[in-house]
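Look over the sequence and the model before reading the points.

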Amino acid sequence: MSKSPLIQVENFSVSFCAGENCIRAIDSISFTIFPGEILALVGESGSGKSLTALSILQLLPKSPSCLQEGHIYFWDGQEKISLTESSFETLRYIRGNKIGMVFQEPMSSLNPVLSCGRQVTEVLCIHKKITFTEAKKEVIQLFADLALPLPEKIFNKFPHQLSGGQQQRVMIAMAICCKPALLICDEPTTALDTIVQKNLLQLILTIRVKYQIAVLFISHDLGVVSELADRIAVLYKGNIVETGLTHTILTSPQHPYTKGLLLCRPVLYSPNEKLPVVQDFLEGKDMPQPVAKKIPPPHQAEMDAGKPTIPVKILLSLHSVKVAYPVHKHFSTKKQEAFLAVNNVQFDIYEGETVGLVGASGCGKTTLGRALLGLMPLSGGQILFKGKNLADLSKQEAREMKTRMQIVFQDPYSSLNPMIKIGDAIAEPLRVHKRSMGDYAIKNKVVELLEKTGLDPSFYHRYPHACSGGQRQRIVIARALALEPEFVVFDESVSALDLSVQAQVLNLLNSLKKIFGFTALFISHDLSVVQYLSDRLLIMDKGQIVEMGDTAAIYNHPTSTFTKQLLAAIPGKKYFASGTL
């Protein structure tokens, strides 16, 4: 690694002003990135990570409401360029050509009306001044280097036709096609399953070596950055509180905030043990250190039967369930082709238990969860709720069944109407299904639900945009529990949350289970989360259940090849396995 810096940030600050009131989002931070190294910038949501990345490329608005102080320098060979004082022409030369960026949401960052290949060739044609034919040849080769399947076809496909992992690779191709000196990756693995995540991390390491570029990797997850970073800078409320080599930060953290980020991971704690949150460490509370858990022997009989140790009543039973999506219709024969998203699935869920449904993206988890609640039509098989076939219910019975089964969708923001206040959103199912309740009783019930989910009653009059991600997650959980259902499906409810908020939501779910006594199906791609929360696990791959049984038995003694792949892909296992910290 060269001793001369590539990027140098000196006492840099960003403030946002409204009238005389100014909020300092980044406060006098300083750090250096050297050629060829990977620096990870780590912190929770709102700590200033993305603002720092946008500031390097000077993508923040230049206006009196956004004040920048300090300096950011970029070395282009022997030339030292001040990015904070550069002209538009200089910045246009640097953006994409010398510094590439992979934004957080690939689907919202890619143009939906242009093909993927067209978007990448545009960068080459502008910066390298080559023809479209030459650019197309380079892009197809780049797609092949990034392990995109059938790169010639991907070139002509639109973003919505690709998976999340493929979209992310197209974004990476766009960022590195001009072979920049620095690649900025802003949360590139958020909400991706562990296998796709591991492949992307390996891809970034390969790019770093092949193209000899430095990487600024932004993440809220120390487990992810442990897999690839040379150094880590920890950002808290706009301040860099700790910087050091990756191994040093992960094994000997000095700042309470860093310790909190390390020790609030669910994989370190036993089920039903309350998870610490970052605030506990900042307040200097005496937190117990995680201890190594005893690995139980595999209970093959339990794993084969897929039943809990204590016999209880079956709440939900699936028999050869199939769900198909139409794919293509032949105009000549009018024959409809279909894709089996859920194929011949059968298992039982027992009263009072929490079952984890785990699998990679696209395996059919969400489709199955929605089918359980009648939100997706079955193509075959039966779903029985307390012995009654859901397909045979009358309209009145089906309406009554909706009060007994609820779902918490993956994205809490899109689950809430931005035009409706929080209180009215939670009250809506009560007004529809509990018509005998008066307005006063409904309002009291909503306030009670807000308090039980850890929110202040003042949230009753707020709108969704005025709430954080963790608060919105609590709101949709409160709405799902308004009718006190017997069965609740949680679809990736913590996948995009930073670790501290994730710990808060997991603690909340454990406490709400004790209060309301519901049975839960927890859908996730993260085995470390479901290992903490679930009594039993169902492992799903390509529409089928490939393994089921006791959580500890599967986690410590997996039998299927796919389960072993999922476990091997969990980031940071050498640092975050139970008892290693």
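Are F490 and F522 buried or exposed? F490 is buried, and F522 is buried as well, where buried means under 20% relative accessible area, exposed over 50% and partly exposed in between (1.4 Å probe, protein chains only). This is a predicted model, in which local features need pLDDT of at least 70 and side-chain atom pairs count only at pLDDT 80 or more, while totals for chains, interfaces and linings use all residues. Residues are numbered from 1 along each chain as its sequence is written, and side-chain values use heavy atoms, with hydrogens and water left out.

**Aromatic pairs**

- The whole structure holds 4 aromatic pairs, counted when ring centres of Phe, Tyr or Trp (its six-membered ring) lie within 6.5 Å; planes under 30 degrees apart are stacked, over 60 edge-to-face and the rest tilted.
- Y236 and Y257 make a tilted pair, 4.4 Å centre to centre with 35° between the planes.
- This pair links distant parts of the chain, with Y236 in strand β9 (residues 231–236) and Y257 in helix α11 (residues 256–263); helices (H or I, at least four residues) and strands (E, at least two) are DSSP runs numbered from the N terminus.
- Y236 and Y257 are both buried.
- F490 and F522 also form a tilted pair, at 6.2 Å between centres and 35° between planes.
- F490 lies in strand β18 (residues 487–491) and F522 in strand β19 (residues 519–524), 32 residues apart.
- Ring pairs join F490, F518 and F522 into a cluster.

**Nonpolar cores**

- The largest nonpolar core has 116 residues, of which F217, I232 and L527 touch the most other members; a core is a set of buried Ala, Val, Leu, Ile, Met, Phe, Trp, Tyr and Cys residues joined through side-chain atoms within 4.5 Å.
- Helix α20 (residues 499–516) gives the most to this core, with 9 residues.
- A second, separate core of 33 residues includes L39, I56, I99 and L216.

**Cysteines**

- There is 1 disulfide, defined as a pair of cysteine sulfur atoms within 2.5 Å.
- The disulfide joins C17 to C22, with S to S at 2.0 Å.
- The torsion about the S-S bond of C17 and C22 is about 105°, so the disulfide is right-handed.
- C17 counts as buried at 17% relative accessibility, whereas C22 is partly exposed at 46%.
- C125 is in no disulfide, and the nearest cysteine sulfur, that of C177, is 9.6 Å away.
- The sulfur of C178 is 4.1 Å from that of C177, its closest cysteine sulfur, which is too far for a bond.
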